[in-house]
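Please have a look at the sequence and the fold before reading on.

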Amino acid sequence: MTQLIGAIDQGTTSSRFILFGHEGDIVSIGQKEHEQIYAQPGWVEHDAAEIWRNTDEVISEALARARIGRQDVAAIGITNQRETTVLWDRHTGEPLHNALVWQDTRVNELVAAYERDGGQDRFRAQTGLPLASYFSGLKLQWLLDNVPGAREKANAGDAVFGTMDSWVLWNLTGGTNGGLHVTDVTNASRTQLMNLATLDWDDALLAEFNVPRAVLPKIVPSSEVYGNAAIASLEGTPVAGILGDQQAALVGQACLEPGEAKNTYGTGCFMLMNTGEKPIPSTAGLLTTVAYQFGSDNAHYALEGSVAIAGALVQWLRDNLRLISSSSEVEALAREAEDNGDVYFVPAFSGLYAPHWKESARGVIAGLTRYANRSHIARAALEATAFQTREVLEAMEQDSRIAIRELRADGGMVANELLMQFQSDILDVPVVRPQVTETTALGAAYAAGLAVDFWSGTDEIRNNWAVDKRWSPAMEDSTREALYRSWRKAVKRSFDWIDE
């Protein structure tokens, strides 16, 4: 049998293992959801041990479905929810606390304390990031300061930190029996502890955040052979690629030239534009981040606009309001309304990310009248994702001085055709869905495959990309701008709900 590339996609709500062929085609998938733990308002946790057990299971499941063995897998790539933070005991392999998920806001007080001495952008020059609860450095500081014995273990080298890529790789390559403790440049760039220029941990930042270097993983390129898997189902298979999920989607969408952009519609919503080999500082509320580094090549950088709540809002309609019984029902419900009925939903459940960066914002539904019904709420929830994307796109064009003429879209929400058409309408640019929508896992597969010459180079990646469907704008300019003006009014109503 022709060899395949495997990709572990460790996401916010589930873990998956996908096997890809040479054309980027999906051969087999295994998937399993994990528990979402909400211990207090604003706290979001995962059981890292459960996530590893699930990952191990879905690898076996995908291999069994494809009726293949480890000898048929040329290499494995890993992609992950980026800022989710786990601290574990090097000797027992047990997490010292539940993982703190990227959406978790318990470090807001730490954010405010750092901001008082230098402002929100005090570390932006080194890291490309504003101070926010989003990133993993402050989450790590919280764990070290609040888990009994954690700091002592970390200082002694007995406790180790990682984002989920590091946790998965460590277990995949042997765990307590020689597991590798590394992270790639894309995930490291989301800690607020790595210097964008040196691509290494920054001693000044470590001192500011009170993080011992001994706890940190080694930073490596996104594509090279790190070592071999040690689990039974894949023993001896090279592990050769790591990319944070949004950077993986950028690679999977073949956005490999400066100016090319993609938007991933998942739990959150994340737009990235490739800016080439030089980082572009943002003045419009975006993040400057590492896009990828293939082997010894120079790193490529990206501008990113991160939106905390997109698909998660549909889940909220399902689980909290019970307007729908499954997420797939939201489109039909939204179509029952001809328009949004002047209802606007700003889902600032964890504050607002790009381009506002308002930790004190909270969710609001604006414009309600007796006329509004459940269909208008559903439609407003979908439109919220599209409006937030327009805010990010405008900021991206301002920073890069490049007009985005086409937006490549991926993620679970791209199956929602009402949303995709409205997205094109409100942006006034075409929106394109590729034939392979599992672009996050595909990007990790590409990174691994390039390292073992499964693919000869990036030209093959570009040639694999193909259009499934294209939506073109069909809205009057006056309607588009009236809707957007109302959205921006609603956003302002969400500001400063939480007193500083």
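Predicted model: local features only at pLDDT ≥ 70, side-chain atom pairs only at ≥ 80, totals over all residues.

Residues are numbered from 1 along each chain as its sequence is written, and side-chain values use heavy atoms, with hydrogens and water left out.

**The whole chain**

The chain folds into 16 helices and 23 strands; these are DSSP runs numbered from the N terminus, helices being H or I of at least four residues and strands E of at least two. Its radius of gyration is close to what the globule rule gives for 500 residues, so the chain is as compact as a globular protein of that length. That radius is taken over C-alpha atoms, and the rule is 2.2 Å times the number of residues to the power 0.38. Some overall values are set out here.

| Property of the chain | Value |
|---|---|
| Radius of gyration | 22 Å |
| Span of the C-alpha trace along its principal axes | about 65 × 55 × 45 Å |

Of the 500 residues, 63% are buried, where buried means under 20% relative accessible area, exposed over 50% and partly exposed in between (1.4 Å probe, protein chains only).

**The cores**

A nonpolar core is a set of buried Ala, Val, Leu, Ile, Met, Phe, Trp, Tyr and Cys residues joined through side-chain atoms within 4.5 Å. The largest one here has 106 residues, and Tyr 134 and Tyr 265 have the most contacts inside it. Helix α12 (residues 374-400) supplies the largest share of this core, 12 residues. Apart from it lies another core of 35 residues, including Trp 201 and Tyr 301.

Contact means heavy atoms within 4.5 Å. Not counting residues up to four places away in sequence, Tyr 265 touches a set of residues that includes Thr 385, Leu 407, Met 413 and Gln 423.

**A helix and a loop**

In helix α10 (residues 311-319), the buried residues include Ala 312, Leu 313 and Leu 317. Among the elements that cover the buried residues of α10 are α11 (330-335), β19 (344-346) and α12.

Is Pro 258 buried or partly exposed? Pro 258 is partly exposed, with a relative accessible area of 48%. Pro 258 sits in the loop between α9 (245-252) and β15 (261-265), and touches Asn 274, Thr 275 and Gly 276, leaving aside residues up to four places away in sequence.
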